[in-house]
Amino acid sequence: MTSGPFRFAVLAASLVALASCSGPSALSSDAPSDSDRLVGGKPDDVSSDDQNRSTIWDIFKPSNTENVVDVNKYLWAASLDVLNFLPVEAVDPFTGVISTGYGTPPGGGRAYRATVHISDPALEARSLNVALQSRSGPVSQATARAVEDAILSRARQLRIADGRL
């Protein structure tokens, strides 16, 4: 007959442990009410520890964070337009990356491949990063800079043409 009180003790201990995970109780007398807590729409008695407190149940809540980078649409379109002689292998508009295979530019004899990274929604040079490679290795900085300048010029042209609509 000792199993009855033992089961009761285990159940009571489990309930106490579970209740301690849920934060302050609404029945406790020292917990401020909503009318005491809000003055002028701002919490006055709530410390940063209370605001940052989390429980085990927070892992089941939907996440508000997204891993999306805003990409400038003019830089994106200009990159595809300027590098249209290269076969596109992978594009990821959520991270702003365009990867191409090897291709030969019109009137050229050397094959290139490119990786373009657009990291910012601004139509600026700092938003664009182009990595060029030939079959023999990386190309010179001057060549990569010339491709970046061509993409930026085309993006500005697209922006101006879009502004006339």
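# Close-up views of a predicted model

**View 1. The lining of the largest cavity.** Ser-79, Leu-80, Leu-83, Leu-86, Val-88, Ile-98 and Thr-100 line the largest cavity. Two elements, α4 and β4 (97-100), each give two or more residues to this lining. The volume of the largest cavity is about 30 Å³. The structure holds 1 cavity of 30 Å³ or more. A cavity is a set of points, on a 1 Å grid over the protein atoms alone, where a 1.4 Å probe fits but cannot get out; lining residues have an atom within 4 Å of a point. Grid points are joined across faces, edges and corners, and the volume is the space filled by probe spheres set on the points. By class, the lining has 5 nonpolar, 2 polar and no charged residues. Here Ala, Val, Leu, Ile, Met, Phe, Trp, Tyr, Cys and Pro count as nonpolar, Asp, Glu, Lys and Arg as charged, and the others, Gly among them, as polar.

The model is predicted: local features need pLDDT of at least 70, side-chain atom pairs count only at pLDDT 80 or more, and totals for chains, interfaces and linings use all residues. Residues are numbered from 1 along each chain as its sequence is written, and side-chain values use heavy atoms, with hydrogens and water left out.

**View 2. The whole protein.** The protein has 5 helices and 7 strands. From the N terminus on, the elements run α-α-β-β-α-α-β-β-β-β-β-α. Helices (H or I, at least four residues) and strands (E, at least two) are DSSP runs, numbered from the N terminus. Of the 165 residues, 20% are buried. Buried means under 20% relative accessible area, exposed over 50%, and partly exposed in between (1.4 Å probe, protein chains only). Among contacts between residues at least 6 apart in sequence, 41% join residues at least 24 apart. A contact means heavy atoms within 4.5 Å.

View 3. Thr-100 lies in strand β4. Thr-100 is buried, at 6% relative accessible area. A polar atom of its side chain lies 2.8 Å from the backbone nitrogen of Ala-114. Such a polar contact is a pair of N or O atoms within 3.5 Å; within protein, one must be able to donate a hydrogen and the other to accept it, and residues adjacent in sequence count only if both atoms are side-chain atoms. Beyond neighbours within four places in sequence, Thr-100 is in contact with Leu-86, Pro-87, Val-88, Glu-89, Arg-113 and Ala-114.

**View 4. The open sheet.** The sheet has 5 strands in the order β3-β4-β5-β6-β7, with antiparallel pairing. β3 (88-92) and β7 (137-138) stand at the edges; each has a single partner strand, so one side of each is left without a neighbour in the sheet. Two strands pair if DSSP finds at least two bridges between them. Strands of a sheet pair through backbone hydrogen bonds. β3 and β4 share 4 bridges. One of the partner pairs is Asp-92 with Val-97 in β4. This hairpin has 4 residues between its strands, and Gly-96 in the turn has a positive phi of about 80°. β4 and β5 pair over 3 bridges, and Ser-99 stands opposite Thr-115 in β5. Between β5 (residues 112-118) and β6 (residues 128-134) there are 7 bridges. His-117 faces Asn-129 in β6 as its opposite residue.

**View 5. Asn-72 at the start of α4.** Asn-72 sits in the loop between α3 (48-51) and α4 (73-82). Its relative accessibility is 7%, so Asn-72 counts as buried. Asn-72 caps the N-terminal end of α4, with a side-chain oxygen 2.8 Å from the backbone nitrogen of Tyr-74. The Asn-72 side chain also reaches the backbone nitrogen of Leu-75 at 3.0 Å. Apart from neighbours within four places in sequence, Asn-72 contacts Ile-118, Asp-120, Pro-121, Ala-122 and Leu-123.

**View 6. α4 and its packing partners.** Tyr-74, Leu-75, Trp-76, Ala-78 and Ser-79 are buried in α4. The buried residues of α4 pack against β3, β4, β5, β6 and α5 (141-163). Arg-159 belongs to helix α5. Arg-159 is partly exposed, at 41% relative accessible area. Its C-alpha atom is 6.4 Å from that of Tyr-74, 85 residues away along the chain. Leaving aside neighbours within four places in sequence, Arg-159 is in contact with Tyr-74 and Leu-123.

Notes. On a 1 Å grid over the protein atoms alone, a cavity is a set of points where a 1.4 Å probe fits but cannot get out, and a pocket is an open set with protein on both sides within 12 Å along at least five of seven lines; lining residues have an atom within 4 Å of a point.
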